[in-house]
Structures are given as C-alpha cells and as structure tokens.
Amino acid sequence: KKGGGAIKGNTAFLAYNTKALQRPDLLKGRTPRVINMNQLGKALLETEPPIRSLFVYSSNPAVVAPEANKVRKGLEREDLFTVVHDLFLTETARYADIVLPASSAFENTDFYTSYWHHYAQIQKPVIEKYGESKSNTEVFRLLAEAMGFDDEPLKDSDEEMIRQALDYPDNPWLDGIDYDSLTEKHFVKANRKTVFPDKLPTPSGKIELYSKMMDQHGYPGLPTHTPLIETDKYPFLFVPGPNHNFLNSTFSNNEKHIKLEKEPKLHLNIKDAEEKGIENGDLVKVWNDRGSCILPAAVGENVLPGVAVSQGLWADAEGKHYLVNALTPDRLADMGGGATFFSGRVQIEKI
C-alpha cells in the first residue's frame, strides 16, 4: 500500500546539519578515546589508563546502565572525580563530588523534530530559570571559557546553533524551516507531500526482505534465530521491559507516576510459578552471577513458560531491592554495539 511502509521512520524528512553542531573537523585528525556507555561499569573498573573524571548529563547510569553493580562500584572509587548535571538528585548524583542544577525544557531554547510526524517546532522559555540552574549548552560554554578554550564555535549561542543546524541544503525538505520562521510560526511542516520516502537508505532503495549488505558483513541475509551467548546455567530468560508511566528512570521519582504504576512486578507463567511454589503477590528473589533483586510476583499467562518479565526502572527506595539492571549483561550486540538488556538469564525463588 502506497505510504504504508514496514518499520518506517520519518526522521530523514527533518534531518538537520549535525556536523555543524558536533564539529568533528575541530578534532583535526585526533581520535579521542571512546567508551560505550553500555560497558560503563567495566570501563570504570578495568580500563587502562583509568578514567579519572566523569561528567554525567541527561542520564542516570547508576540505574539505566547494564551490570549496575559494576557501575556503582566504579562510581564509588575514591580516585574518580564525578560531576552530575541534573534536575533531580538522582541515584547517580548521590555518587557525585559536585552536583550542578540543570534547567528544564520549560526554561531552555531548543528545537525539536520527530521520528514520525513532519513538523519541526521551536521551544522558547516559558518560565525563568529556577535558582542557579543552567542548560547543558550554557554549562559547556562556561566550562570552555573557564578552561581557556577560545575556539569560536565553543562560544555559539543556542540561537546561533539552531541557525547552523537548520542550514542544511542536503535536505530539500527543510526548505522554509529556519530559526526565524520557527520563531514566527512556532512550528513548520517539512516541505513534503507524501508520508514515505521515495527511496529508502538501502542499496536497492526498497524494503529489503533479504539483505545482500548484511550477508557481505558476515550476518545472515534473512532474519535468523541466533542462540544467546548466555549459558543455560540459569533457567529463565529475563526481560526487564519498560512500563507505561516512566521513561527509563525519568519520572520514577514522581509520586503521581508511582501511584499509576503502583509497584514493580515480576511476571511469571502460571506453570513456572506452580513448579516453584510461587503464588500471585509473593515476594521472589531474582538472581544470577551479576547480582540480585527482589520483586512481587505477578502470576498468569501473559508471558511464556521459561520467561520472567519485569517492567520499569524504579528509583532506589530504602529497604527495597528493585535494581533490575543488576541482572543485565553488559555484552554488546553483534551488530551496532547496542545493549543486550533482554539477553540475560536468571534463577527465581520464593522468599
């Protein structure tokens, strides 16, 4: 069906000039060390030369990163200088040497695009910055100045960066979208008539059910089941999925959102529960070689036998052991270097 698509995204319609923002040319050929955040715990504990400082913004790795016990052990290092820039005293912020207050989207100037719809929109402050809070870009400018970096791009204002980002002739669909038009109209639609690209970013330009490129890179050309690297030492596949009212760990400290979710649960198939003597509502310990957590059981038929599913990344609470990422592996996916959160195995027992 024309405009239907398979797993489509419309990001390309509003693609902007990322190089103008990131300025890779300023590296002048240098290749700084890069750490995959999915292996932050291992990096903090094992990397040589060691990581001596950590600046955390727009993230809460003590909760969201895999192998959470490793991450927290790394954050506890006395010789690690940690700065956290956030709106809240997150779990990660509690490990920081310095906590800097961040401003919210309601206080910042920014622009937004979408995975799906065709509109770019401007965000202008609607309230004054609270106390001494500052945006990410404001902190970066202040740090650059304090550290004596005088490259002109490090002084660019938010307005200047938005203008640079939207100056992108490579994307004709951005035609008519710039800082001035967004400021005047608040949102502007991409110069695009249909909902699906004429040509997809694949060698054939079409949806490819069989991918020659995958085959050339040593992967199956068709979707293929590949057994987990994880051993069968533990009987349950553990899937720490999201819930409906948190966004990763964001909102997990908010009383309203907690009330909507009520409590974390571990969903088990009724057959597995019967074998383990577990009834609905029982507290169960979930563990493997990486760590453990304690959750109430939700027994039913909404998950397959041999699978255990939790939902949400819950904020630390006194006397609670909800840290599901204590169980997740920090292996990287075989393609793309992504996380393997849903590829761990666990044991379960009633408490």
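Reader: What makes strand E12 (residues 344–350) mostly covered?

Author: Five of the seven residues in E12 are buried, and buried means under 20% relative accessible area. Bear in mind that this is a predicted model.

Reader: How do you know that E7 pairs with E12, and which way do they run?

Author: Pairing takes at least two bridges between the strands. E7 and E12 are joined by three bridges, so they count as paired, and they run antiparallel. Take Phe-236: its bridge partner in E12 is Val-346.

Reader: And what makes strand E9 (residues 283–288) a partner of E12?

Author: Here the count is four bridges against the required two, so E9 and E12 pair as well. They run antiparallel, and Val-284 stands opposite Lys-350 in E12.

Reader: Where does Pro-242 sit, and is it buried or exposed?

Author: Pro-242 lies in the loop between strand E7 (236–241) and helix H9 (255–261). Its relative accessible area is 63%. The cut-off for exposed is over 50%, so Pro-242 is exposed.

Reader: Which residues is Pro-242 in contact with, beyond its neighbours within four places in sequence?

Author: Gln-311 and Gly-312. Contact means heavy atoms within 4.5 Å. As for Ser-310, it is 68 residues from Pro-242 in sequence, yet the C-alpha to C-alpha distance is 7.9 Å.

Reader: Why do E1 and E3 count as edges of their sheet?

Author: That open sheet has three strands in the order E1-E2-E3, with parallel pairing. Strand E1 (53–57) and strand E3 (98–101) each have a single partner strand, so one side of each has no neighbour in the sheet. On average, neighbouring strands there are turned by 15 degrees against each other, direction ignored.

Reader: How do you know that E2 pairs with E3?

Author: Four bridges join strand E2 (residues 81–86) to E3, and at least two are needed, so the pair qualifies. The two run parallel. In E3, Leu-100 is the bridge partner of His-85. Helix H5 (residues 136–146) lies across E1, E2 and E3, at about 150 degrees to E1.

Reader: What makes E5 and E6 a pair?

Author: Strand E5 (residues 119–123) and E6 are joined by three bridges, and the requirement is at least two, so they pair. Tyr-119 has Lys-189 as its bridge partner in E6.

Definitions and conventions. Residues are numbered from 1 along each chain as its sequence is written. This is a predicted model: local features need pLDDT of at least 70, side-chain atom pairs count only at pLDDT 80 or more; totals for chains, interfaces and linings use all residues. Side-chain values use heavy atoms; hydrogens and water are left out. Axes are lines fitted to C-alpha atoms, for helices over the stretch in contact, and angles run from 0 to 180 degrees between N-to-C directions. Buried means under 20% relative accessible area, exposed over 50%, partly exposed in between (1.4 Å probe, protein chains only).
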